[in-house]
Amino acid sequence: MTADLWLPIPPDEIEGLPEGLNPLFWDGGPTGEKEFPGDPADCVFYVVPYMKRQPVKVRPLPRMRNVRVVQTLTAGVDDVTARLADLPPGVRLCNARGVHEASTAELALTLTLASLRGIPKFVRAQEQGHWQSEFHPALADKNVLIVGYGAIGSAIEDRLVPFEVARVARVARSARTTARGPVHPLTELPALLPEADVVILSTPLTETTRGLVNAGFLARMKNGALLVNVARGGVVDTKALLAELESGRLTAALDVTDPEPLPREHPLWQAPGVLISPHVGGPTSAFLPRAKRLLVDQLGRFVNREPLRNVILTTGAAHKA
């Protein structure tokens, strides 16, 4: 069997790829007259195409009978975990921890500042040639709650510190202590929400977090608070959020939505107090060099039979890796 490696970046554009695998380029599209660049059964290491819809990403999985590693170029892996049954046992699923922290944290801060300082209104006024001076809240002296304190959540806090926020509270699946302070478990969210002026979501989409931001969650947020979502659209109950936005009690800045892409006629587009960006937390100039470094490192480890980084789970295993 040929040991094929499927890459969504042309192999000749990645310096330092290890010997021992046959690299093939596939970014989710057709390859000439063929659907795939090679026989999926010959692929042992599959790097999932980036910024493609879920059906494209998982299309070859049922035929990848000999795959050993599925490597995403996203922090979230929910598109692939939904189709784990298509994979043989013993396949390691790895995410792109270390690739998107800078870009996503930048966007979280951008959305927060733009929303607080009224930038969307200024842009609309500029288009009309209208000089419109207003008073807006600052990020300084605000209490910020980060829900999902992994690598991206930590990077968001790194960027909040210079803005003189009053306090940063951190929430993750389970409690722990960091150099910056405690990380609270999800069970403590109800007590933390009423104190937060800004709530930033950076949690992965799991069965636990799907619909986490529901009507009860939103009702506990203080009047005038801002919800920022750079996680996944499914973390938020869109209907419940719409009700709060339309009442004027909360504002929101969303890089992700449910559904996604957001249909043109969806009421969320026209809701008051909302800023929407089209899931652009990751795709920046920072992506490609970091993605290439991750792939060279992972592939070197794979070829040399060393432990892989960022293993989220192993198929057929009773527990997460």
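This report describes the sheets, helix packing and some local features of one predicted model.

The model is predicted, so local features are given only at pLDDT of at least 70 and side-chain atom pairs only at pLDDT 80 or more, while totals for chains, interfaces and linings use all residues. Residues are numbered from 1 along each chain as its sequence is written, and side-chain values use heavy atoms, with hydrogens and water left out.

Helices (H or I, at least four residues) and strands (E, at least two) are DSSP runs, numbered from the N terminus. Two strands pair if DSSP finds at least two bridges between them.

An open sheet is built from 6 strands in the order β2-β1-β3-β4-β5-β14, with mixed pairing. At its edges are β2 (22–25) and β14 (311–314), each of which pairs on one side only. From one strand to the next, the twist averages 20°. Angles run from 0 to 180 degrees between N-to-C directions, and axes are lines fitted to C-alpha atoms, for helices over the stretch in contact.

Strand β1 (residues 4–7) is paired with β2 in the parallel sense over 4 bridges. In this pairing Leu7 is opposite Phe25 in β2. Helix α9 (residues 287–303) lies across β1, β3 (43–47), β4 (69–71) and β5 (92–94), and runs at about 160° to β3.

## The sheet of eight strands

Another open sheet has 8 strands in the order β8-β9-β7-β6-β10-β11-β12-β13, and its pairing is mixed. The edge strands here are β8 and β13, each pairing on one side only. Neighbouring strands of this sheet are turned against each other by 20° on average, with direction ignored.

| Strand pair | Sense | Bridges | Facing residues |
|---|---|---|---|
| β6 (residues 143–147) and β10 (residues 198–201) | parallel | 4 bridges | Ile146 and Ile200 |
| β7 (residues 167–172) and β9 (residues 181–185) | parallel | 3 bridges | Arg170 and Val183 |

Helix α3 lies across β10, β11 (226–229), β12 and β13, and runs at about 150° to β11. Helix α5 packs on the sheet and touches β6, β7 and β10, its direction making about 160° with that of β6. Contact here means heavy atoms within 4.5 Å.

## Packing of α3 and α5

Two packed helices are described by the angle between their axes and the distance between the axes. Helix α3 (residues 101–116) and helix α5 (residues 151–160) pack at an angle of about 55°, and their axes are 8 Å apart. That angle makes α3 oblique to α5. By the cut-offs used, angles under 35 degrees count as roughly parallel, over 145 as roughly antiparallel, 65 to 115 as roughly perpendicular and the rest as oblique.

The crossing of α3 and α5 is right-handed. A crossing is right-handed if the near helix is turned clockwise from the far one by less than a right angle, and left-handed if anticlockwise.

On the α3 side, the residues in contact are Glu101, Ala102, Thr104, Ala105, Glu106, Ala108 and Leu109, and they meet Ala151, Ile152, Ala155, Ile156, Arg159 and Leu160 in α5. By class, this contact of α3 with α5 has 9 nonpolar, 1 polar and 3 charged residues. Ala, Val, Leu, Ile, Met, Phe, Trp, Tyr, Cys and Pro count as nonpolar, Asp, Glu, Lys and Arg as charged, and the others, Gly among them, as polar.

The whole structure contains 12 salt bridges (a side-chain nitrogen of Lys or Arg within 4 Å of a carboxyl oxygen of Asp or Glu). One of them joins the side chains of Glu35 and Arg59, at 3.0 Å from N to O. This pair links distant parts of the chain, 24 residues apart: Glu35 is in the loop between β2 and β3, and Arg59 is in the loop between α1 (54–58) and β4.

Met51 is in the loop between β3 and α1. Although Met51 is not a glycine, its phi is positive, at about 60°.

The loop between β12 (251–254) and β13 (274–276) holds Pro259, and Pro261 lies in the loop between β12 and β13. A cis peptide bond joins Asp258 to Pro259, with omega about 10°. Glu260 and Pro261 are joined by a cis peptide bond with omega about -5°.
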